[in-house]
Amino acid sequence: MCHIVAQYCRPTIIWNDSGLELPESESVVRELAQRLGLTVVVARGADALAVQMALGPEKSRMQVRQIDETCIAAPVRDALREIGAKVEFVGLRAKESRRRKMVLARYGPIYESKRWGCAIAWPMRRWSAADVFAYIDEHNLPLHPAYARTEW
């Protein structure tokens, strides 16, 4: 997604380190940023894994939402404000979650978000996983090592 957007503007990459990311994730993000000559801002909140472990296995829906807010959403919102972002480009596909499908159905592919403090755009919303891998291959982009460990 970053490669697509970087063809039209000079985005700042916001990488969220919530404590749930695989160890090699940051190096993949930084490699792409270096290749494209882009800046990386790390959004870091509370360590989500530590928070989940502290709460134990019987978390309420409200507690799960609070973990998401504290560890993922709030740090990203803070980073967006810090860099003065006018648009956040989300590199996720609608098929990755039911909630994303609902958000896209309700608001459309580009919308102004009061919660995030900027416009939100979903350039890959209709892509399949195969489309993503084809694009990565076609443009010789770094592939996260986790994908080499799957049977896709």
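User: How does Y147 count at 39% relative accessibility: buried, exposed or partly exposed?

Analyst: Y147 counts as partly exposed, because its relative accessibility is 39%; buried means under 20% relative accessible area, exposed over 50%, and partly exposed in between, with a 1.4 Å probe and protein chains only. This is a predicted model, in which local features need pLDDT of at least 70, side-chain atom pairs count only at pLDDT 80 or more, and totals for chains, interfaces and linings use all residues. Residues are numbered from 1 along each chain as its sequence is written, and side-chain values use heavy atoms, with hydrogens and water left out.

User: What is given to describe a pair of aromatic rings? How many such pairs does the structure hold?

Analyst: A pair of aromatic rings is described by the distance of the centres and the angle of the planes. Rings of Phe, Tyr and Trp (its six-membered ring) pair if their centres lie within 6.5 Å; planes under 30 degrees apart count as stacked, over 60 as edge-to-face and the rest as tilted. The structure holds three aromatic pairs. One of them joins F133 and Y147 edge-to-face, at 5.3 Å centre to centre and with 80 degrees between the planes. The two residues are 14 apart, F133 in helix α6 and Y147 in helix α7 (residues 145–148), and the pair links distant parts of the chain. Helices (H or I, at least four residues) and strands (E, at least two) are DSSP runs, numbered from the N terminus. F133 is also partly exposed, at 25% relative accessibility.

User: What else lies in helix α7?

Analyst: A146 is in helix α7. A146 counts as buried, because its relative accessibility is 18%. The C-alpha atom of A146 is 8.1 Å from that of L22, although 124 residues separate them along the chain.

User: Where do nonpolar side chains tend to go in soluble globular proteins? How many residues has the largest nonpolar core here?

Analyst: In soluble globular proteins, nonpolar side chains tend to be buried together. A nonpolar core is a set of buried Ala, Val, Leu, Ile, Met, Phe, Trp, Tyr and Cys residues joined through side-chain atoms within 4.5 Å. The largest one has 16 residues, and those with the most contacts inside it are V76, L80, Y111, W116, C118, I120 and W122. β2 (40–43), α4 (61–83), α5 (98–107) and β5 each give two or more residues to this core. Its largest share, four residues, comes from α4. Apart from it lies another core, of 15 residues, including A6, L32, L38 and I136.

User: Which backbone nitrogen does the side chain of S113 reach?

Analyst: A polar contact is a pair of N or O atoms within 3.5 Å; within protein, one must be able to donate a hydrogen and the other to accept it, and residues adjacent in sequence count only if both atoms are side-chain atoms. The side chain of S113 reaches the backbone nitrogen of W116 at 3.1 Å. S113 lies in strand β4 (residues 110–113) and is buried, at 9% relative accessible area. D17 makes a polar contact from its side chain to the backbone nitrogen of G19, at 3.5 Å. D17 is in the loop between β1 (13–16) and α2 (25–36).

User: What is a disulfide, and how many does a search of the whole structure find?

Analyst: A disulfide is a covalent bond between the sulfur atoms of two cysteines; the cut-off is a pair of cysteine sulfur atoms within 2.5 Å. The search finds zero disulfides. For C9, the nearest cysteine sulfur is that of C2, 8.8 Å away. C9 is partly exposed, with 33% relative accessible area, whereas C71 is buried, with 0%.
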